[in-house]
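This briefing covers pockets, cavities, helix packing and selected local geometry. Please consult the sequence and the coordinates alongside the text.

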Amino acid sequence: MKHYALSAVLGLAAATSALAQEEAQLVINGDLEITTRAPAPDHLDRLSEITSGWVYRSRETQELQADDFDNPGMIFVDDARAAWATAEGAAEQSCQSCHGDPEEMAGVRPVYPKWNEDAGEVRTLAMQVNDCRETRMEAEPWGYTSGDMVNMEALMASVSRGMPINVAIDGPVAETLAKGEELYYTRFGQLELSCANCHEDNYDNNIRSDHLSQGQINGFPVYRLKNARLNATHSRFRGCVRDTRAETFSAGSPEFVALELYVASRGNGLSVEGPSVRN
């Protein structure tokens with residue numbers, strides 16, 4: 001019965017790739033070229049090409065992301081710019097106090113998650129933001145997927161748009177990467193579905209009304225038309241695991257940190273897009 005359920009769910013998908021303009025090129029504001037297709041990184045042996053989720057969206061959704069005036073995610077970037085310059089905490093420091101203008105952070109988003117030598121762990125961008133808040137600003141940490149945090153991640157992404165994702169996969173991150181890879185191929189829930197079942201085995205197929213992508217996260221944070229707000233990577237992970245009818249991990253958990261590292265590495269070579277627009 002379980003295998004039947006799996007084939008039935010994916011069987012609904014197997015039709016055509018519908019309304020997406022798959023050969024279109026993403027150019028933001030008429031001049032910022034975004035790489036949405038690239039050769040698969042060497043550590044992936046089941047894909048020859050990697051593709052951004054933008055490729056699989058409808059023409060209308062694609063066009064929303066191509067102009068910052070139309071992209072609804074940019075409203076939240078503006079909110080984060082205000083927060084960036086606002087002093088908080090006992091130290092009365094702001095992000096700008098240490099880092100200058102947000103544009104000085106160009107190149108940060110493409111390499112996260114990354115190894116933090118002082119902490120002896122792999123850190124996501126959200127973890128690093130909260131470390132700065134607590135140790136530098138002496139302020140309260142933000143909730144891992146809170147609006148403030150997702151907005152700040154969107155700002156960090158926006159100043160690095162067009163830069164290639166370049167997440168390290170060797171050295172001290174190797175053990176965490178291996179854990180993330182194991183999770184990617186683990187079947188969860190009553191439907192016995194893994195990340196790979198949808199995003200590796202069946203991308204470019206349709207499941208119900210959704211055109212499956214490769215599940216790349218180079219576009220996060222993502223403005224989803226479905227819920228009209230920015231969505232964090234770990235929120236999407238939670239939703240995917242939940243949809244398999246399984247108990248899910250919490251945002252910021254070691255499991256999702258490992259999974260984020262591995263999934264980010266699958267997109268090495270694609271451009272940073274965030275904040276992107278998706279269904």
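What volume does the largest pocket have? The largest pocket has a volume of about 1200 Å³. The structure is a predicted model, in which local features need pLDDT of at least 70 and side-chain atom pairs count only at pLDDT 80 or more, while totals for chains, interfaces and linings use all residues. Residues are numbered from 1 along each chain as its sequence is written, and side-chain values use heavy atoms, with hydrogens and water left out.

**Terms for empty space and elements**

- Rolling a probe the size of a water molecule over the atoms shows where empty space is left.
- On a 1 Å grid over the protein atoms alone, a cavity is a set of points where a 1.4 Å probe fits but cannot get out, whereas a pocket is an open set with protein on both sides within 12 Å along at least five of seven lines; lining residues have an atom within 4 Å of a point.
- Grid points are joined across faces, edges and corners, and a volume is the space filled by probe spheres set on the points.
- Helices (H or I, at least four residues) and strands (E, at least two) are DSSP runs, numbered from the N terminus.

**Pockets**

- The lining of the largest pocket comprises 42 residues, and H199, D210, L212, R236 and C240 lie nearest its centre.
- At least two lining residues come from each of α8 (195-199), β8 (210-211), β9 (222-224), α9 and α10, and α9 supplies the largest share, 7 residues.
- By class, this lining has 17 nonpolar, 15 polar and 10 charged residues (Ala, Val, Leu, Ile, Met, Phe, Trp, Tyr, Cys and Pro count as nonpolar, Asp, Glu, Lys and Arg as charged, and the others, Gly among them, as polar).
- The second largest pocket has a volume of about 390 Å³ and is lined by 19 residues, with H99, M105, Q128, V129 and C132 nearest its centre.
- Two or more residues of the lining of the second largest pocket come from each of α4 (95-99), α5 and α6; α5 gives the most, with 8 residues.
- The lining of the second largest pocket divides into 12 nonpolar, 4 polar and 3 charged residues.

**Cavities**

- The count comes to 4 cavities of 30 Å³ or more.
- The largest cavity has a volume of about 120 Å³, and of its 14 lining residues R109, L125, E153, T233 and E260 lie nearest its centre.
- Both α5 and α10 supply at least two residues of the lining of the largest cavity, which divides into 9 nonpolar, 2 polar and 3 charged residues.
- The second largest cavity, with a volume of about 50 Å³, is lined by T124, A126, Y144, E153, A232, T233, H234 and E260.
- The lining of the second largest cavity has 3 nonpolar, 3 polar and 2 charged residues.

**Helix packing**

- Axes are lines fitted to C-alpha atoms, for helices over the stretch in contact, and angles run from 0 to 180 degrees between N-to-C directions.
- The axes of α9 (residues 233-243) and α10 (residues 254-266) come within 11 Å and cross at roughly 105°.
- That angle makes α9 roughly perpendicular to α10 (angles under 35 degrees count as roughly parallel, over 145 as roughly antiparallel, 65 to 115 as roughly perpendicular and the rest as oblique).
- T233, H234, F237, R238 and V241 of α9 make the contact (heavy atoms within 4.5 Å) with F256, V257, L259, E260 and V263 of α10.
- By class, the contact of α9 with α10 has 6 nonpolar, 2 polar and 2 charged residues.
- Helices α5 (residues 125-136) and α6 (residues 147-158) pack at an angle of about 110°, with axes 10 Å apart, and are therefore roughly perpendicular to each other.
- In α5, L125, A126, V129 and N130 meet M149, M152, E153 and M156 in α6; the contact has 6 nonpolar, 1 polar and 1 charged residues.

**Loop residues and backbone geometry**

- D68 is found in the loop between α2 (59-65) and α3 (74-84).
- Leaving aside neighbours within four places in sequence, D68 is in contact with I28, N29, M74 and R161.
- The side chains of D68 and R161 are joined by a polar contact of 2.9 Å (a pair of N or O atoms within 3.5 Å; within protein, one must be able to donate a hydrogen and the other to accept it, and residues adjacent in sequence count only if both atoms are side-chain atoms).
- The peptide bond from Y112 to P113 is cis, with omega near 0°, and P113 is in the loop between α4 and β5 (114-116).
- The peptide bond from F220 to P221 is cis, with omega near -5°; P221 is in the loop between β8 and β9.
- E92, in the loop between α3 and α4, has a positive phi of about 50° although it is not a glycine.
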